[in-house]
Amino acid sequence: RHVDQLLAEVPDAYLPVSFWKDQEYYVQMFVEKIDLQQLFFPVCQRFHVPVGNAGGWSDLNSRADMMRRFAQWEAEGKQCVLLYAGDFDPGGVRMSDTLMSNLTELSGAVGWDPSNLTIDRFCLNQDFIEEHTLSWIDGLVTSSGNDLADPRHRDHDQPYVQDWLRDIGPRKVEANALVTAPEAGRALCLQAVTKYVPADAPAQFQSRLDLEQERVLAALERLVGR
């Protein structure tokens, strides 16, 4: 009985190769809302993309862990990519600069310089919102509870806010609106990932892994006289 259990469990637990070893890029993802983490999980799991919640940047440990993974794979010659899915609002569309600034703040403590990191914001945009009739929210209220559309807001006259008001108006769409169009949302996620990772990479990796696990199973069967 124990031998049967050993033969059934050990090969599947044997993971001698990494999905990313043969890839040009190493990809991780941050999402602004935890709903998107759940929505994108099937795609991220298939492509071995770590995905975390960046809302508020409150968890310094998760940010540092992400940076350490980037450091590991950059040292192995990979171009590192951070995919970001966030709100469609004045702050969200300029999040690439904010993310880089936040990572740079931790670079000394972590021991990794993010200056070569590619940050790719792939969600949301106005065309997608209109195509899938996602819900707009009136006003530009931020996490502080203040409205950027209010002339009394200290950032109201900033160019990025004025550009938004001119082009979009005093309205926004939060990222978790995407859960109302789940298939389109996952397709958007897949498109973002396969910009950097070949679509057949999971199948290629699984074939390689299956071969290694079959070798382990054959060795175990010889060892126990099967």
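1. Are Phe 40 and Phe 122 buried or exposed? Phe 40 is buried, and so is Phe 122, where buried means under 20% relative accessible area, exposed over 50% and partly exposed in between, with a 1.4 Å probe and protein chains only.

2. On provenance, this is a predicted model, in which local features need pLDDT of at least 70 and side-chain atom pairs count only at pLDDT 80 or more, while totals for chains, interfaces and linings use all residues. Residues are numbered from 1 along each chain as its sequence is written, and side-chain values use heavy atoms, with hydrogens and water left out.

3. Leaving aside residues up to four places away in sequence, Phe 122 touches Met 29, Phe 40, Leu 83, Tyr 84, Ala 85, Leu 188, Cys 189 and Ala 192, a contact being heavy atoms within 4.5 Å.

4. A search of the whole structure finds 10 aromatic pairs, for which ring centres of Phe, Tyr and Trp (its six-membered ring) must lie within 6.5 Å, with planes under 30 degrees apart counted as stacked, over 60 as edge-to-face and the rest as tilted. Phe 40 and Phe 122 form a tilted pair, 5.7 Å centre to centre with 45° between the planes. This pair links distant parts of the chain, since Phe 40 belongs to helix α2 (residues 34-46) and Phe 122 to strand β4 (residues 118-123), 82 residues apart.

5. Phe 70 and Trp 112 form a stacked pair, at 5.5 Å centre to centre and 25° between the planes. Because Phe 70 lies in helix α3 (residues 60-75) and Trp 112 in the loop between α5 (95-110) and β4, the pair ties together parts that are 42 residues apart in sequence. Both Phe 70 and Trp 112 are buried, and they belong to one aromatic cluster that also includes Phe 19, Trp 20, Tyr 26, Trp 73 and Phe 205.

6. As for β4, five of its six residues are buried, so this strand is largely enclosed by the rest of the structure. β3 and β4 pair in the parallel sense over five bridges, pairing requiring that DSSP finds at least two bridges between two strands, and Ala 85 stands opposite Cys 123 in β4.

Notes
Helices (H or I, at least four residues) and strands (E, at least two) are DSSP runs, numbered from the N terminus.
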